[in-house]
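Thanks for coming. I have one model to go through, and I will keep to a few places in it.

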Amino acid sequence: MYSKSEVIDYINEEDVKFIRLAYIDFSGKQKNVSILAGELERAFSEGISFDASAIEGFQDSATSDLFLHPDPSTLSLIPWRPTSGKVVRMFCDIKYPNGKPYEKDCRYLLKQAVKKAKEEYSLEFKFGTEFEFYLFRFNEVSYPSVPFDDAGYMDISPDDKGENIRREINFTLEQMGITPELSHHEAGPGQNEIDFRSSDAQTAADNASTFKWVVRTKAESNGLYADFSPKPLPKKPGNGLHINISVNRAEKMPQILAGILEHLSELTYFLNSSDNSYARIKSPKVPKIISWGVQNRSCVIRVPSKNQNERIQLRSPDSTCNIYLAFTLLIYAALDGIENDYPLPEPVKENLFQSKNESDEAFIKRTAKFKTIPQSLGQAKDIAKKSEFIRRYIKF
């Protein structure tokens, strides 16, 4: 991790000419402004202003000035830019002109959740992510619609044509200080998965934002289009974002699990934030019933081992979410579970997916005792807006 003085030394010694100051809007999209190296000291001392009224969900025109303050610990070289006159990137904190943190800065919101967990509960959360995405060729009218290959789950080359691009993505990430855990072809044609080991919440969120940027950039440089949308192809598997959660105090994990289950319906709008999200959720093999189970992939929350104190995996989210807000709310739901000591229901052992031979009526009857997550964006938003728990932490 770099300090301010170390960043300035690096810029001067490594022939860095441009610095990208990156921030995240309320939808989770990465934005940036580039400055010349000579402006860096001013960026650290005063911040760099931008028009917040041009960012959806931020300020109006009457109070439009906000300032970007670079976080030196996030310095990263952009390896696909020229080696002569290098370009680096730092994530920024967003502040008002008087230096007060901006309340819609999702990186700030996540930092506050992390701070509360540590100071009041002595808890340090770690998050690991598992991303799925499709690679498409462009058709004759330059529209990305043709899957890059027709391979299936964990197939190898020559059927798997994404092998070389995944390798290129992984190498690029390593150059930026991010080490993936594993990668492979997924079940859909042209579909891929890359996973990351757990790290602290802020690092995991920053790395996830960087990862999506790298994937899209490398896909484009290979004449392809990377699609993270939840359901790119109607009759093929959707793209999920599995989130693995662990803490330093394993004995608290049952209460953490109970808290997330308790608030999952309220959180869904922030975990599945597009209309297309619910096309995926309505698919037969996507977990939608609020439940947990040991190694049971049909439950919304899966415990990968027999000991639920080690790690839990949330399987309902997708990549349309703002991962900073997702982590923020998951931490607060976990803390609420501890605070209120919610009872943990029994783990589910049965398969909660509807089988091909099972009628809709039989499936509904079999699963009637369970609650489900919202089944449309409108329903999810309505539940979130009525939630006192959500309003406590996020204004939207």
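Is T367 buried or exposed? T367 is buried, because its relative accessible area is 9%, where buried means under 20% and exposed over 50%, with partly exposed in between, for a 1.4 Å probe and protein chains only.

Before going on, the basis. This is a predicted model, in which local features need pLDDT of at least 70 and side-chain atom pairs count only at pLDDT 80 or more, while totals for chains, interfaces and linings use all residues. Residues are numbered from 1 along each chain as its sequence is written, and side-chain values use heavy atoms, with hydrogens and water left out.

Back to T367. This residue sits in the loop between helix 9 (360–366) and helix 10 (377–385); helices here are DSSP runs of H or I with at least four residues, strands are E runs of at least two, and both are numbered from the N terminus. The T367 side chain reaches the backbone oxygen of F363 at 2.9 Å. Leaving out residues up to four places away in sequence, T367 touches I289 and L352, contact being heavy atoms within 4.5 Å.

Next, the hairpin. Strand 7 (residues 125–138) and strand 8 (residues 144–147) run antiparallel and are joined by three bridges; DSSP must find at least two bridges for two strands to pair. F138 stands opposite P144 in strand 8. Five residues lie between the two strands of the hairpin, and S142 in the turn has a positive phi of about 60°.

That is the end of my part.

How values were computed. Polar contact = N/O pair within 3.5 Å; in protein donor to acceptor, adjacent residues only side chain to side chain.
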